[in-house]
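Here are a few notes to read alongside the model. Have the viewer open while you go through them.

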Amino acid sequence: MKSGTMAGRVSEINNNLTEKALVIGIRGSRQSQSEAEQSTHELASLVEAAGADVIDSMICPVQQIQVRSYIGSGKVEEIGNLRKAHDVNLIAIDVALSPPQQRNLERDWNCKVIDRTGIILDIFARRAATREGQLQVELAQLKYRLPRLTRMWEHLSRLGAGIGTRGPGETQLEVDRRRIRSRLDKLECDLVKIKKRRKIQRENRRRSGVLSVALVGYTNAGKSSLLNRLTGSDVAVRDQLFVTLDPTIRQLVLPNQQTITVSDTVGFISRLPHELVAAFHATLEEVIEADLLLHVIDSATPDREEQILDVEKVLKELGVEATPIIRIYNKVDLQPDWSPGQSPGPADTVSVSTVNGYGIDELLGKLVQFQSQMSARATLFIPYKDTGIIASIRDRCEIFSETFEAEGTRLQVLAKSALLSKYNMYVVVEPELQSFTKGDAGE
Ligand SMILES: Nc1nc2c(ncn2[C@@H]2O[C@H](COP(=O)(O)OP(=O)(O)OP(=O)(O)O)[C@@H](O)[C@H]2O)c(=O)[nH]1
Ligand SMILES: [Mg+2]
């Protein structure tokens, strides 16, 4: 009985703490109503993922952005009334507000106002579990907060001008800024160390000639589900945005018995805050350095095409346009009339369902094909006069056997084809290996 009362009290406290939010979508002059609706719906999901209750939402048409508060004064008043009627304590708005606009709206509505970037940063801050993730999010948050710091000073100045307010107010602001800047320097320095460590780990993997595949895609597309399906791992999967933040790397033994690595990482979203992409560079290096990208697409969402474009935009920002990519249309079980022929674009595509396993064998087949095109086994014969090159071969290829003969060293290696072509002059095509190396070694 006692514990029941306690539990009741805790849930009452939690209810009181849960923020009640109003979600405001913006329809720009070049946007259709359905685009605005989808974006507003996504913002509501983000607000929920950040832990608030969405009480109501509305779409506000904006023909011309107003400098003072982004939206016109009539709409500001209308939304203010809606806020009062619902008694909400948070208004989320689906644009990137400038610091003064955010401040003006908070004053007009007398409640907390948060923009799309602020919400995404908040979710990341809640979800970051590892030290690396936490550092990355803190870096992004501080960069976002730095220009918004004036609020503290304004608060002081509202106490009244004159002796004792002006000087200290300004000084405090400068102190705050300086503190943030020195914290930013420290974080950047810590992240450089992490980056170095990851680089060493990655180089160790590369050295073995093992192919690396990275899962990329819009948040909630099913990347982690696919990793689990392919490798039998148990990475967290939930119907929520940004469940995965930290990269996970698993080995996958393909049907041809060759091993590759598959990495799962943070998902992308429309208008992903630039601060986050920059801060997550260390994490995203698994993507940057991958030999092959699997772009996982939620085929069942009405926003599918926009999401594909959004992901491609981030990939471009990361500079990986040249990396081969396979588009994976996931969740086809939700689309009974799906036909793979509908797949748009020139990229290689596969339709799958991580729920019922449809298309997984086809995907594995494509991975085998890619793996055998990309890596090859070869026999190299290095004359003793060139012995110096063996150290670099040892560093970059997997060596199966090494025999010393009268004229030089014979090595059996497995390596990426592109790398093997550098040692072309030493490749020996032996009859039994011919079918294995044919076409691969020289590419
Ligand atoms: N019906 C159906 N649901 C799926 C499929 N694949 C994934 N899901 C569901 O989609 C939701 C998101 O899946 P995740 O694997 O967490 O997606 P993610 O891309 O890793 O998402 P984040 O890590 O949040 O960016 C979960 O509720 C999954 O159960 C599928 O093939 N069919
Ligand atoms: Mg995930």
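1. Helix α9 (residues 223–231) gives the largest share of the shell around ligand 1, three residues. Helices here are DSSP runs of H or I, at least four residues, numbered from the N terminus. Keep in mind that this is a predicted model: local features need pLDDT of at least 70, side-chain atom pairs count only at pLDDT 80 or more, and totals for chains, interfaces and linings use all residues. Residues are numbered from 1 along each chain as its sequence is written, and chains are lettered from A and ligands numbered from 1 in the order in which they are written.

2. Around ligand 1 there are 23 residues (C-beta atom, placed from the backbone, within 6 Å). G222, S224, D239, T244 and G267 are the closest. By class, that shell has seven nonpolar, eleven polar and five charged residues (Ala, Val, Leu, Ile, Met, Phe, Trp, Tyr, Cys and Pro count as nonpolar, Asp, Glu, Lys and Arg as charged, the others, Gly among them, as polar).

3. Now for a helix pair: α5 (residues 116–127) and α6 (residues 131–145) pack at about 155°, axes 10 Å apart (axes are lines fitted to C-alpha atoms over the stretch in contact, and angles run from 0 to 180 degrees between N-to-C directions). That makes α5 roughly antiparallel to α6 (over 145 degrees). From α5, T117, L121, F124 and A125 make the contact, with V137, A140, Q141 and Y144 from α6 (C-beta atoms, placed from the backbone, within 7 Å). Six of these residues are nonpolar, two polar and none charged.

4. Helix α2 (residues 33–49) also meets α5: their axes come within 9 Å and cross at roughly 35°. On the α2 side, the contact uses L43, L46, V47 and A49; on the α5 side, R116, I119, I120 and I123.

Notes:
Helices (H or I, at least four residues) and strands (E, at least two) are DSSP runs, numbered from the N terminus. Angles under 35 degrees count as roughly parallel, over 145 as roughly antiparallel, 65 to 115 as roughly perpendicular and the rest as oblique. Two residues are in contact if their C-beta atoms, placed from the backbone, lie within 7 Å.
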